[in-house]
Amino acid sequence: MNRFFYNVSIRALAPVLMVWMGLRARRAGGEWGVLSGPRFGYYPEPSGLRAPVWVHAVSLGETRAAQPFVQALLDQGYPVLLTHMTATGRAEGARAFAQAIAQGRLAQQWLPYDFPGSVRRFLEHYRPCVAVMIEREIWPNTIAAARRLNIPIMLASARFSDNSLRQSLRAGRVMREAYASLQTVYAQSWQDAQRLEQAGAPAVRVSGNFKFDVSMPAEQVERGRSFAAAMPRKIITIASTREGEDELFIRAISKHLKRANAQSNELDPEVLFFLIPRHPQRFDEVANMLAKAGISFVRRSELADKGGTASSSLRLCSQTAVLLGDSLGEMPRYYAASQIAIVAGSFLPLGGQNLIEACAIGTPVLVGPHTKNFEQAVADALDEGAALRAPNPEAALQLALQLVNDPQRLNKMSQAGSHWVQKHTGAVTRVLTGLNELVKPPQH
């Protein structure tokens, strides 16, 4: 398929795509601007940025991955245009870069739909000096419009699975031309680089994964550790659960509590579980599941103090089985408070979630069998001894319960995780060096 037929197809399917986006936005919650002017390249006011670096981070995971890179751009004096496709990604960007937004150094916008006119108007309005796509976002008309306007496009921290390669090759010429038009590509691993070259990308370099350059907020880490020190129970975090996984973990927790009660006739005093759904729109749903299962729980939003170490907060947590993590931007705190973390998104065929943040804090990790989105990172973490794999939620919970009573093994996993993350830092510096080769850095 060439770009002519691609455009015919997307125009014909536009009504269906708009309905699909609307339904997705309704399910996910938040403000998506599905039919707003910016989605079609129309803007009521001129851009306040002059020749910004445009960084596209499609959703929540990509926005978190891009944070150290975006911060490095801001530190070097570049103005930044940060675009998203989803409301969760945009909300995370607004939270992470609130100060830069208030100072007028960073602006957020929706990525326009990949119609020729929409992307042309977007690029003519903002006139970025360079575009950086995070991980895997390639849109044929966007790439073609940037090429016509002489805007270099980079693909950074790129991951490219066997399935992505097959889909790209099936799409034919339209995707080959899009990949061939990229100025520079920085892949997460040699395997990703080889697949990208097969798809048609030129000058592929291996930079590593931006997620290894994450800087854990010291204040949150300290709060988490203070909570753990004040809580006379061990803590197991079940992080980033996706739809379908919550029920499985709640069932596993319920079985554990029944066994503990049968042995001691009281709530297991040893363990507090943190259960943290991946998407905020599911907080209430998961709370209802816990209530229906008869599991005692407290919501993070019900704790009066930010750190969770006030006597009232500690008393609530000491009297319950589960703390439901219904807060945003606090994952470092949850990890820092935990003896071990089960990183979900990997117990159903959903591709997995980022385990690097937990390892960076020194928290041992358990993952499930489905980790294709983090294939190389998980394989490396397993080899280093920083993580273990479990076949299902019940097995993961049982393994976690065994490990919390094995401090020597936990300490060994913790040290392995910290060492592994430190060994793989540097992706941001490598990509920033490449960007500075394409555009002249701002003069201070």
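A residue is called buried when its relative accessible area is under 20%. Arg 299 has a relative accessible area of 17%, so Arg 299 is buried. This is a predicted model, by the way.

Arg 299 pairs up with Asp 284 in a salt bridge, where the closest N and O atoms sit 2.8 Å apart. The two come from distant parts of the chain, 15 residues apart: Arg 299 belongs to strand 10 (residues 297–299) and Asp 284 to helix 12 (residues 283–292). Asp 284 is partly exposed, with a relative accessible area of 49%.

## Other salt bridges

Searching the whole structure turns up 18 salt bridges. One of them joins Lys 255 to Glu 394, with 3.3 Å between the closest N and O atoms. Lys 255 is in helix 11 (residues 245–264) and Glu 394 is in helix 17 (residues 393–403), so this pair ties together parts that are 139 residues apart in sequence. Both ends are partly exposed: Lys 255 has 37% relative accessibility, and Glu 394 has 32%.

Then there's Glu 285 with Arg 282, a salt bridge at 3.6 Å, N to O. Here Glu 285 is partly exposed at 35% relative accessibility, whereas Arg 282 is buried, with a relative accessible area of 7%.

## A buried Glu with no salt bridge

Glu 62, in helix 2 (residues 60–75), is buried but has no salt bridge. How far away is the nearest side chain of opposite charge? That side chain is Arg 159, and the distance is 4.0 Å.

Glu 62 does have a polar atom in its side chain that lies 3.3 Å from the backbone nitrogen of Ser 59. Setting aside neighbours within four places in sequence, Glu 62 also contacts Ala 57, Ile 134, Glu 135, Arg 136 and Arg 159.

Nonpolar side chains tend to be buried together in soluble globular proteins. In this model, the largest nonpolar core has 49 residues, and those with the most contacts inside it include Trp 54, Ile 138, Leu 155 and Tyr 179. Helix 1 (residues 3–28) supplies the largest share of this core, seven residues.

Ile 138 is a handy place to start looking: not counting residues up to four places away in sequence, Ile 138 touches Ile 143, Leu 155, Met 175, Ala 178, Tyr 179 and Leu 182.

Technical notes
Residues are numbered from 1 along each chain as its sequence is written. This is a predicted model: local features need pLDDT of at least 70, side-chain atom pairs count only at pLDDT 80 or more; totals for chains, interfaces and linings use all residues. Side-chain values use heavy atoms; hydrogens and water are left out. A nonpolar core is a set of buried Ala, Val, Leu, Ile, Met, Phe, Trp, Tyr and Cys residues joined through side-chain atoms within 4.5 Å. Buried means under 20% relative accessible area, exposed over 50%, partly exposed in between (1.4 Å probe, protein chains only). Helices (H or I, at least four residues) and strands (E, at least two) are DSSP runs, numbered from the N terminus. Contact means heavy atoms within 4.5 Å. Lys and Arg count as positive and Asp and Glu as negative; His and the chain ends are not counted. A polar contact is a pair of N or O atoms within 3.5 Å; within protein, one must be able to donate a hydrogen and the other to accept it, and residues adjacent in sequence count only if both atoms are side-chain atoms.
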